[in-house]
Amino acid sequence: MVDVTAYFGFTCTGSSDDGRERQITTDISPTYVKQILELQEAGATEEELLPIVAEAITELHFTEWGTRADGLRVDFTQVLRIDFRF
């Protein structure tokens, strides 16, 4: 699980929500958990981990495993808080 409060911005074809601050708590797939843990072990910085976390959140929370919002990419900046539960 990841629990994050940050500014989420969106990139996609067609219309999308305007970027804004959101608080999201969601599961992330084991594939992303593995990547995050391996990168942390290798000494990755928080900034290096953010794109992977954004991709993991996009997959489940915003695109529902590819069943909607085709081509959506979510970036987040101004991370106010982020917690992981494995």
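Leaving aside neighbours within four places in sequence, V4 is in contact with R22, Q23, I24, I57, F76, V79, R81 and I82, where contact means heavy atoms within 4.5 Å. V4 sits in strand β1. Helices (H or I, at least four residues) and strands (E, at least two) are DSSP runs, numbered from the N terminus. V4 counts as buried because its relative accessibility is 0%; buried means under 20% relative accessible area, exposed over 50%, and partly exposed in between, with a 1.4 Å probe and protein chains only. One of the contacts of V4 is R22: the two are 18 residues apart along the chain, and their C-alpha atoms are separated by 8.0 Å.

The model is predicted, so local features need pLDDT of at least 70 and side-chain atom pairs count only at pLDDT 80 or more, while totals for chains, interfaces and linings use all residues. Residues are numbered from 1 along each chain as its sequence is written, and side-chain values use heavy atoms, with hydrogens and water left out.

The overall layout comes next. The protein has 2 helices and 3 strands, and along the sequence they follow the pattern β-β-α-α-β. Of the 86 residues in the protein, 34% are buried. Among contacts between residues at least 6 apart in sequence, 59% join residues at least 24 apart. The accessible surface comes to about 5,400 Å², and 48% of this surface belongs to carbon and sulfur atoms; accessible areas come from the Shrake-Rupley method with a 1.4 Å probe, and for residues only the protein chains shown count as cover.

As for V53, its contacts beyond four places in sequence are V2, I36, F76, I82 and F84.

I36 is buried, because its relative accessible area is 0%. Besides V53, I36 touches I28, L49, I52 and F84, again not counting residues up to four places away in sequence. I36 and E48 are 12 residues apart in sequence, and the distance between their C-alpha atoms is 9.8 Å.

The 12 residues of α1 should span 16 Å at 1.5 Å a residue, and its end C-alpha atoms are 16 Å apart, which agrees. The expected span is 1.5 Å times one less than the number of residues in the helix. Y32, V33 and I36 are the buried residues of α1. They are on the same side of α1, because they cover an arc of only 105 degrees around the axis; the arc is that of the directions from the helix axis to the C-beta atoms. On the face turned away from this buried side are the exposed residues P30, T31, K34 and E41. Just after α1, G43 takes a positive phi of about 95 degrees.

Charged side chains remain. Side chains of opposite charge can pair when their charged atoms come close. The whole structure holds 3 salt bridges, a salt bridge being a side-chain nitrogen of Lys or Arg within 4 Å of a carboxyl oxygen of Asp or Glu. One of them joins E38 and K34, at 3.8 Å from N to O. E38 and K34 are separated by about one helical turn, because they are 4 residues apart in helix α1. At 46% relative accessibility E38 is partly exposed, whereas K34, at 53%, is exposed.

Another salt bridge joins R81 and D3, at 3.1 Å from N to O. R81 lies in strand β3 (residues 73–84) and D3 in strand β1, so the pair ties together parts that are 78 residues apart in sequence. D3 is buried, with a relative accessible area of 13%, while R81 is partly exposed at 31%. R81 also forms a salt bridge with D83, at 3.1 Å from N to O. D83 is partly exposed, with a relative accessible area of 37%.
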